[in-house]
Amino acid sequence: LQNVPRMINGKIVNSIFVNAKGEAVYTGYKEEGSFIQPLSPTAIRFGGKLAILGGTGKFANASGEGDFLGQFNPQNQDDAWYTVNGWISY
């Protein structure tokens, strides 16, 4: 993607979801409830709440929120997962 904003309404854009048409949804973290939890030398879990900050195309005025949970292996960049459960209005 080109011209991804760094911030929207004072919130840092930290994730982008893109559909098959190239339309993007921008998200940012909400501070409350976020965590990072080392589980082992090969597993770090993270989670919290995100806000939908807008996007491009049909998502230009999108809003919403969700809960996210993920895990990654700091020793292997191909060993990771990430899920989001929430709602979006556009």
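Residues are classed by relative accessible area as buried (under 20%), exposed (over 50%) or partly exposed (in between), with a 1.4 Å probe and protein chains only. The structure is a predicted model, in which local features need pLDDT of at least 70 and side-chain atom pairs count only at pLDDT 80 or more, whereas totals for chains, interfaces and linings use all residues. Numbering starts from 1 along each chain as its sequence is written, and side-chain values use heavy atoms, with hydrogens and water left out.

Strands are DSSP runs (E, at least two residues) numbered from the N terminus, and two of them pair if DSSP finds at least two bridges between them. Five strands form an open sheet with antiparallel pairing, in the order 3-4-5-6-7. Strand 3 (15–18) and strand 7 (76–89) are the edge strands, each pairing on one side only. On average, neighbouring strands of this sheet are turned by 30 degrees against each other, direction ignored; the axes are lines fitted to C-alpha atoms. Strands of a sheet pair through backbone hydrogen bonds, either parallel or antiparallel. Four bridges join strand 3 to strand 4 (residues 24–40) in the antiparallel sense, and Ser 15 stands opposite Thr 27 in strand 4. Five residues lie between the strands of this hairpin, where Gly 22 takes a positive phi near 85 degrees.

A positive phi also occurs at Asn 9, a residue other than glycine, with a value near 50 degrees. Most residues other than glycine have a negative phi. Asn 9 is found in the loop between strand 1 (7–8) and strand 2 (11–12), and its relative accessible area of 77% makes Asn 9 exposed.

Nonpolar cores were defined as sets of buried Ala, Val, Leu, Ile, Met, Phe, Trp, Tyr and Cys residues joined through side-chain atoms within 4.5 Å. The largest such core has seven residues, namely Val 25, Phe 46, Leu 50, Ile 52, Phe 59, Ala 62 and Phe 68. Strand 5 (residues 43–55) contributes the largest share of this core, three residues. A second, separate core of six residues includes Ala 24, Tyr 26, Ala 51 and Leu 53. With contact taken as heavy atoms within 4.5 Å, and residues up to four places away in sequence not counted, Leu 50 touches several residues, among them Thr 27, Tyr 29, Phe 68, Tyr 82 and Val 84.

Rings of Phe, Tyr and Trp (its six-membered ring) were paired if their centres lie within 6.5 Å, planes under 30 degrees apart counting as stacked, over 60 as edge-to-face and the rest as tilted. Six aromatic pairs are found in the whole structure. The rings of Phe 46 and Phe 72 form a tilted pair, because their planes are at 50 degrees, with centres 6.2 Å apart. This pair links strand 5 with strand 6 (residues 63–73), across 26 residues. Phe 46 is buried at 18% relative accessible area, whereas Phe 72 is partly exposed at 33%. Phe 46 also forms a stacked pair with Tyr 82, at 6.1 Å centre to centre and 25 degrees between the planes. Phe 46 lies in strand 5 and Tyr 82 in strand 7, so the pair ties together parts 36 residues apart in sequence. Tyr 82 counts as partly exposed at 32% relative accessibility. Ring pairs link Tyr 29, Phe 46, Phe 68, Phe 72 and Tyr 82 into a cluster.

Methods:
Axes fitted to C-alpha atoms, helices over the stretch in contact; angles between N-to-C directions.
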